[in-house]
Amino acid sequence: EKALVAGYRGINLDLCNCSSGDDGGDENKKGGLQFCHNVCDYGERMSQEVFTNIVNFLKEYPSEVIVLIFQASDQGPIVWNDLYDEMKLVEDFVDMMYVHEVDGGENTEKEWPLMGDLVKSNKRIISFYFNGGTCTDDICPEPFHQFYKYTAETEYQSANLDDLRNIQYSCQLTRGPGGFKGDFFAVNNFVTPPDPEASKITNGQQFLSERLTKCANYNGKRP
């Protein structure tokens, strides 16, 4: 995947269930679970292909750790166990997934491991999910962690670059665990609706570096 080669290690993937709609007689409709942004068969990526590419990347670069964030799209219904079943079909993928455990005695969360520990144990895929979806019999796959249980996130509705540059607005924490005391800190860095010209700026090293620094200082957290 180009994003991984470019250095990205946190990937947000919108999941669509495209198996329930009418294909309108179009034999080219792929159906099933796809990574797409609310519209089936439009710029879609098939899950097994993506997972295979991720495993191949991790095997080629054995010191890397990847965080996957799965978002349930409006194109549903989304059942997270179905996505886990897709993962099982890709050799070595599930074996490389990290499971965050709870201390049985006190029912408290263990500390998250260092990346070096994940590399040593070869548990180099951390997965989160959010925005709805369901789990079979209310039992989600063990490697799937609730995003906002562990993550404090900044404002995600910025209409333009001026909104993003407004630190008090765009860096404020709007979603996450109680008191926003999450172990992870997510900084949104995009405008809605999408703007190609704005993206050239927001994806630039200088803008992104300054924004991460300002949001980190504003909230006393490290992204």
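Which residue forms a disulfide with cysteine 18? Cysteine 40 does, and the two sulfur atoms lie 2.0 Å apart. A disulfide is here a pair of cysteine sulfur atoms within 2.5 Å, and by this rule the count comes to 4 disulfides. The structure is a predicted model, in which local features need pLDDT of at least 70, side-chain atom pairs count only at pLDDT 80 or more, and totals for chains, interfaces and linings use all residues. Residues are numbered from 1 along each chain as its sequence is written, and side-chain values use heavy atoms, with hydrogens and water left out.

**Disulfides**

- Counted along the chain, the bonded cysteines follow the pattern 1-3, 2-4, 5-6, 7-8.
- In general terms, a disulfide is a covalent bond between the sulfur atoms of two cysteines.
- The link of cysteine 18 and cysteine 40 is left-handed, with -90 degrees about the S-S bond. Cysteine 18 lies in the loop between S1 and S2 and cysteine 40 in the loop between S2 and S3, so this pair ties together parts that are 22 residues apart in sequence. Helices (H or I, at least four residues) and strands (E, at least two) are DSSP runs, numbered from the N terminus.
- Cysteine 18 counts as buried at 10% relative accessibility, and cysteine 40 is buried with a relative accessible area of 16%. Buried means under 20% relative accessible area, exposed over 50%, and partly exposed in between (1.4 Å probe, protein chains only).
- A disulfide also joins cysteine 16 and cysteine 36, with sulfur atoms 2.1 Å apart. At -125 degrees about the S-S bond, the link of cysteine 16 and cysteine 36 is left-handed. The pair connects distant parts of the chain, 20 residues apart: cysteine 16 belongs to strand S1 (residues 10-17), and cysteine 36 to the loop between strand S2 (33-35) and strand S3 (45-46). Both cysteine 16 and cysteine 36 are buried.
- Cysteine 135 is joined to cysteine 140 by a disulfide with an S to S distance of 1.8 Å. The link of cysteine 135 and cysteine 140 is right-handed, with 90 degrees about the S-S bond. Cysteine 135 is buried at a relative accessible area of 12%, whereas cysteine 140 is partly exposed at 27%.

- H2 has 14 residues and reaches 20 Å from its first C-alpha to its last, close to the 20 Å expected at 1.5 Å a residue. The expected span is 1.5 Å times one less than the number of residues in the helix.
- Ser47, Val50, Phe51, Ile54, Val55, Phe57 and Leu58 are the buried residues of H2. Seen down the axis of H2, they fall within an arc of 160 degrees, so they line one face of the helix. The arc is that of the directions from the helix axis to the C-beta atoms.
- In helix H3 (residues 80-88), the buried residues are Trp80, Asn81, Leu83, Tyr84 and Met87. Down the axis of H3, these fall within an arc of 155 degrees and therefore line one face of the helix.
- The buried residues of H3 pack against S1, S2, helix H2 (47-60), strand S4 (66-72), strand S7 (125-130) and strand S8 (144-146). Contact means heavy atoms within 4.5 Å.

**Alanine 159**

- Alanine 159 is located in the loop between strand S9 (151-154) and helix H6 (161-165). Alanine 159 is partly exposed, with a relative accessible area of 47%.
- Not counting residues up to four places away in sequence, alanine 159 touches Val191 and Thr192.
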